[in-house]
Every structure is written in structure tokens, then in C-alpha cells.
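Q: I want to learn how to read a model like this one. Can we go through it feature by feature?

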Amino acid sequence: MMPAAERVALVTGASRGIGRGIALALGGHGWVVGVNYRGNAAAAQDTVAAIQAAGGAAIALQADIAASADRQQMLDQVMMEYGRIDLLVNNAGMGPRQRVDLLEMSEASYDEVMAVNLKGPLFLTQAVARLMIDLLGAGAIRGPKIVNIGSISAYTSSPNRGEYCLSKAGMGMLTRLFADRLAEHGINVYEVRPGIVATDMTSAVTGKYDQLISDGVTPIRRWGQPDDVARAVLAIAEDYLPFSTGEIINVDGGFHLHRL
Ligand SMILES: NC(=O)c1ccc[n+]([C@@H]2O[C@H](COP(=O)([O-])OP(=O)(O)OC[C@H]3O[C@@H](n4cnc5c(N)ncnc54)[C@H](OP(=O)(O)O)[C@@H]3O)[C@@H](O)[C@H]2O)c1
């Protein structure tokens, strides 16, 4: 393992919520962190400042993950700044702008959610994997990893946000495909699958989830926090799962158990 201070992580959607939690955890463990965001520069700067205040290093990287040119420019910036990338965390994601019944779902909403949650991560992972393979060949990095942030929506039907569920189901296969393809290069790929986590994404449905949680929808009866997800990512980043790839780490309070 390289000395911690040299390792570089790119975390998409790290200005707020789960991505911010992941960036803070990595920054606190000596990782240099690329803090990607789409539009909220102030929040991204806040994440960077928090990492720096704790003695770490980070830069804010504006890029819309759905846009090909943005993804390339972001990677160019990381390579220009640090010359390496050891960890990619595909975290950026969105729900549909409006929760609409499946029978009314629009093609525009489907296209937008799929572009951000699946197509963007797919082609970002492809580009980063190529870079990692080159860096490995040059002996510049060791044991690089890719982590995808999925969701319990990969297998849980919510007919009022079908496009989101489809995108997260696709993330499951994205993880398996790259885990299979990249194993020969020594690049492990994981999916961390959060349950109900307190962020801006869930803030509009707090009451509904408060009720579900107190009724026992999750065996562990509390909201998940960004740090719960961040700890799982950190365990992967720090190489505590070296003989696992394509693995799903559920961080959901036991939601996936299907109890009777
Ligand atoms: N919260 C949950 O309960 C939950 C559960 C399971 C899975 N997840 C998944 O966890 C991930 C993070 O969710 P969250 O709850 O932390 O969301 P959030 O609070 O809404 O934050 C979303 C983050 O993603 C960024 N982002 C959105 N679209 C982007 C794009 N096109 N390009 C680049 N960045 C973009 C945002 O940047 P700006 O600040 O610039 O807008 C922000 O940093 C998502 O993939 C989500 O599907 C969340």
C-alpha cells in the first residue's frame, strides 16, 4: 500500500449528503480528495474547507456527470493536479424531479435520471479504468478500486419513481461487469447499497420515512447517516476486502432481510 498521503480519490457528488460524508471520511484518513459537484459550488467549497481544516487535502471539481465533455475535463484536471487516481466513488445521483406514477412517467425524466445515475457512472468508470490500467502499467499506483453507490431501490419497487429504481438496478450490473472485466488488472469493484439515509434527497419525505422506520421497516430502527455509508467505503478504500470483488455491501439497517 502506498503512503496514505499520496493516494487520490475522486468522489462524485461530494458537495452534499452521502458523497460529502465519504469525502470527509477519506480526507480524514489521509486521502487526497477530488470533490465533484454539479451546481452547488458553495457546498463543494465547504466540503473542501472541512477536509483542509482537519489537516487533509482536497479540491473542488465542477462537472455534470451526465455530460461527456465535463467528465473528461474533470479527469484531465485530476491528472494535471495529482498525476494519479487510486479510487473512484460513483456517488452522484438524483431522484426524479417529481415523483410521478409509473403510468404517467415521462421520457424526459427517464432520460435525465438514467443519464446521471447510470450512463454517466458507466462512462466515467470506463475512462477511469483505462487511466488506472495505464497507471498500474507504469507502476505509479497499487491496488486501485472503484466503488459504486447503489440503493435498495435496485430491488425494491417504488412505482412513483420507476426511473430511479431502473437506474439503480442497472448500477448492480455495472458493478458486476466492471468487477469481472477489471479483475485481471487487479482493480476491485464494489457496490455499497444504502437504505434510508438522512440527506437532502430524502428531506421531502421525512414524515413518511419516520413512520416507516418507527413501524419497523428496518430491523435497526433509525435513519442511516452519511457517515454509515462512508465507513463502508473507507473499509474498501483501506483494502479490508482484498479477496472480494463485485460484492454488494448493504448499509441499510437490515432492510434487505425480508422478514416475516
Ligand atoms: N439518501 C438516501 O436515502 C439514499 C439511499 C440510497 C442511495 N442513495 C444514493 O446515494 C447517492 C447520494 O445521494 P444523497 O442522498 O447524498 O443525494 P443529495 O443529498 O441529493 O446529494 C446529491 C449530490 O450529487 C450531486 N449531483 C447530482 N447530480 C449530479 C450530476 N449530474 N453531476 C455531478 N454531481 C451531481 C449533487 O451536487 P450539487 O450539490 O452540486 O447539486 C450533490 O453533491 C445517490 O446516488 C443516491 O441515489 C441515497
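A: Start with Asn188, which is found in strand β6 (residues 188-194). Helices (H or I, at least four residues) and strands (E, at least two) are DSSP runs, numbered from the N terminus. This is a predicted model: local features need pLDDT of at least 70, side-chain atom pairs count only at pLDDT 80 or more, and totals for chains, interfaces and linings use all residues. Residues are numbered from 1 along each chain as its sequence is written, and side-chain values use heavy atoms, with hydrogens and water left out.

Q: Is Asn188 buried or exposed?

A: Buried means under 20% relative accessible area, exposed over 50%, partly exposed in between (1.4 Å probe, protein chains only). Asn188 counts as buried because its relative accessibility is 13%.

Q: Which side chain does the side chain of Asn188 join in a polar contact?

A: A polar contact is a pair of N or O atoms within 3.5 Å; within protein, one must be able to donate a hydrogen and the other to accept it, and residues adjacent in sequence count only if both atoms are side-chain atoms. Here the partner is the side chain of Tyr190, at 3.1 Å. A polar atom of the Asn188 side chain also lies 3.3 Å from the backbone oxygen of Ser244.

Q: How many residues surround the ligand?

A: A residue is near a molecule if one of its heavy atoms lies within 4 Å of it. The count is 31, and the closest are Ser15, Gly39, Asn91, Tyr164 and Thr199.

Q: Which atoms lie by the oxygen atoms of the ligand?

A: A side-chain N or O atom of Thr199 is 2.5 Å from a ligand oxygen. Backbone N or O atoms do likewise: one of Ile18 at 2.8 Å, and one of Val197 at 2.9 Å.

Q: Which elements give two or more residues to the shell around the ligand?

A: They are α1 (17-28), β2 (32-37) and α5 (162-182).
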